[in-house]
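Subject: Structure for your review

Dear colleague,

My findings follow it, arranged by topic.

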Amino acid sequence: MIQLKDVSYVRLGSPDLESAEMFATSCLGLEIAERGKKTLYLRSDDRAHTLCYSEGDPRQQTVGFEIEDEDDLQTAAATLEALGHQVHAGTVEEAEQRKVKAFIGFRDPTGNHIELVVRPERRGRRYFATRDAGITGFSHIGLNSTDPVRDERFWTQVCNARVSDRIGDIPLMRVNAIHHTIALVRAPAAGIQHINHQVESNDDVLRSYYFLNEKRVPIVFGPGRHPTSGARFLYFKGPDDMIFEYSVGVDEIEDEATHRPRQFGFEPPSLCMWGARPSGMALPDSNA
Amino acid sequence: MSSALASLATSICYVRLAVRDLDAGARFASDTFGLQRVGEQDGEIAFRSDGRFRTVSLVSTETESGSIGVEVWDEAALERAAEQLGGAGFPIRRANKDECERRYVEAAWLAKDASGNSIDLVVRPRQSGRRYFPSRDAGIVQFQGVGLRTIASARDLAFWKILGARVSDWVGDIAYLQIDELHHRVALYPAERSGLLYSAFEVEGLDQIMQNSYFMQERQIKILQGPGRESASQQIFLHLQGPGDSIFSYVNGMAVLGEKPRRPRQFSLSNESLCNWGSVSTDVPEFRAVDGRV
């Protein structure tokens, strides 16, 4: 079984790095770690980077997960190949671009591009935001799935993800104590549905709501509160229509052995207990 | 002398609100806002929000202009407060039996501050043996306090100081007044006219503030400001358009000030001081930082 430890980074293609940088710094509040000719590395916590834009097609989207060591990486490659996944062994140069020691790349059953990485770099200097959004770190992703039941099997049986809760057939899955690191979303094609950053407090969620409204950033869902994880949230749209989320107060699963996934009905209150309705954003179960 | 007697005023115990359309007002108070309707006498409709027998009454503008109730420590304190307010030149008279009955209190003096706001000093406001049971789950915990418009800030402040209130903080010339451990129960807002600005009801938490916010949006009830958070008191608020020109507010999380003496802080009259989340009121001049109002 492939032991995922944590989500590590997201890599996004974008035709317009200048807009991406503008949004990431003046709206989202990330720190520029490094600016290349065709790349932009961004920090959100003590890691060297958690988001990387490179000039290209915005449909190029990759999620990196950290695993224990290079032995595990070899085992994972063998497991995936045995299941018929094509595995790309990262070159030294590619690993440097990702600021990791080694990595492999493959596609999940839906076709999402996934990388497993070893020893992602941290920075000695703390993250210092460009705007006071209260970000404490990159935390999870929403991942498109053309068949959530099949993909749940992949993430929980081939990998070590556990289902924390379900909304309809949609699993929220954890790879450590945090309620979820991967949230599947039913969609017609592969892709990252949203990128989550945690913030310090409720105040930060609400402040950002007013701040982003003033900046004319489309708010697509919230402010609200998920009854599943307990998190207070705000979803908004960034460059290339990528959706970003701020949230605070995600539950931790305290007892791994006795936790049973709860079943929530597929209805609006399961997504927001305050009464917010999504607009301009696909629901996890909608066949958009 | 105990510290309780140092502040003659012990609670803000009710608001009597004059409205043109009693029925529409009553529907808002119970069905929309979530108060419990408990009775009607002499054309005055009573509502509960907590363990007290009633905290809100709607009266007709044809007969009354409304008032707020300030509970004082005991009968002796009531007499002393009345004497001091009278001595300081504020109009005040003893309430008759009928007026006390309408207010569900044992004794009262009816005063006016310098702006002309009617303020009832009362003792022994009625409690209820049955718990508060609203018709809608708005999460109301208690009637917390009021905001008052003032056209004579200094004199109105003197009125409240006689009752033992202290200024906890200033935002421009807006004075937050403390009478117990809470940062404020009364706030005086300099305005063009006198009258009650808002009645504030504490709810259980942020969840209820936000749920009520979406509830009101869906029903197209006008949100005058919020969800927001006062910088000085840390209180989360949602100000709603109530019946007539009244404002009903849900609040939560106001700072509790300890016993330690502290000096009032001065905040600038800016939108940031009025809401540190960034909400702005477009409709209520008292909630806005407008140039020249300082």
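How many helices and how many strands does chain B have? Chain B has seven helices and 17 strands. Please bear in mind throughout that this is a predicted model.

**Overall form of chain B**

The radius of gyration of chain B is 18 Å, close to the 19 Å that the globule rule gives for 294 residues, so chain B is as compact as a globular protein of that length. Taken along the principal axes, the box filled by its C-alpha atoms is roughly 45 × 45 × 35 Å. Of the 294 residues in chain B, 47% are buried. Among contacts in chain B with a separation of 6 or more, 64% are between residues 24 or more positions apart.

**The eight-stranded sheet of chain B**

Chain B contains an open sheet of eight strands with mixed pairing, in the order 2-3-4-1-5-8-7-6. Which strands stand at its edges? They are strand 2 (36-41) and strand 6 (92-94) of chain B; each has a single partner strand, so one side of each is left without a neighbour in the sheet. On average, and with direction ignored, neighbouring strands of this sheet are turned by 25° against each other.

Within the sheet, strand 5 (residues 67-72) of chain B runs parallel to strand 8 (residues 118-123) of chain B, and four bridges join the two. B:Val70 has B:Leu121, in strand 8 of chain B, opposite it. Helix 2 (residues 22-32) of chain B lies across strand 1 (9-19), strand 2, strand 3 (44-48) and strand 4 (56-60) of chain B, and it runs at about 165° to strand 4 of chain B.

**The corresponding topic in chain A**

In chain A, eight strands form an open sheet in the order 2-3-4-1-5-8-7-6, and the pairing is mixed. Strand 2 (31-35) and strand 6 (88-89) of chain A are the edge strands, each pairing on one side only. Four bridges hold the antiparallel pairing of strand 3 (residues 39-43) of chain A with strand 4 (residues 51-55) of chain A. A:Leu42 stands opposite A:Leu51, which belongs to strand 4 of chain A.

Two helices of chain A may be described next. Helix 1 (residues 17-28) of chain A packs on the sheet and touches strand 1 (6-14), strand 2, strand 3 and strand 4 of chain A; its direction makes about 10° with that of strand 3 of chain A. Helix 2 (residues 70-82) of chain A also packs on the sheet, where it touches strand 5 (61-67), strand 6, strand 7 and strand 8 (113-118) of chain A; its direction makes about 20° with that of strand 7 of chain A.

**Domains of chain B**

The domain assignment divides chain B into domain 1 (8-123) and domain 2 (140-287). Taken over C-alpha atoms, the centres of domain 1 and domain 2 of chain B are separated by 19 Å. Their contact takes 31 residues from domain 1 of chain B and 34 residues from domain 2 of chain B. On the domain 1 side, strand 1, helix 2, strand 5 and helix 3 (75-87) of chain B each give two or more residues. The largest share of that side, five residues, comes from strand 1 of chain B.

**Contact between the chains**

Eleven residues from chain B and eleven residues from chain A take part in the contact. Helix 6 (206-218) and strand 14 (223-229) of chain B each supply at least two residues of the chain B side. Helix 6 of chain B provides the largest share of that side, six residues. The chain B side has six nonpolar, three polar and two charged residues.

**Backbone details**

The peptide bond from B:Gly226 to B:Pro227 is cis, with omega near 0°, and B:Pro227 is found in strand 14 of chain B. In chain A, a cis peptide bond joins A:Gly222 and A:Pro223, with omega about 10°; A:Pro223 lies in strand 14 (residues 219-225) of chain A.

Two residues other than glycine have positive phi: A:Lys99, at about 55°, and B:Asp42, near 50°. Is each of them buried or exposed? A:Lys99, in the loop between helix 3 (92-97) and strand 7 (102-107) of chain A, is buried, because 21 other C-beta atoms lie within 10 Å and the cut-off is 20 or more. B:Asp42, in the loop between strand 2 and strand 3 of chain B, is exposed, because 9 other C-beta atoms lie within 10 Å and the limit is 12 or fewer.

With kind regards

Notes:
Residues numbered from 1 in each chain as written. Chains lettered and ligands numbered in written order. Predicted model: local features only at pLDDT ≥ 70, side-chain atom pairs only at ≥ 80, totals over all residues. Pairing = 2+ DSSP bridges. Axes fitted to C-alpha atoms, helices over the stretch in contact; angles between N-to-C directions. Contact = placed C-beta atoms within 7 Å. Nonpolar A, V, L, I, M, F, W, Y, C, P; charged D, E, K, R; others polar. Domains from an automatic or database assignment. Rg over C-alpha atoms; globule rule 2.2 N^0.38 Å.
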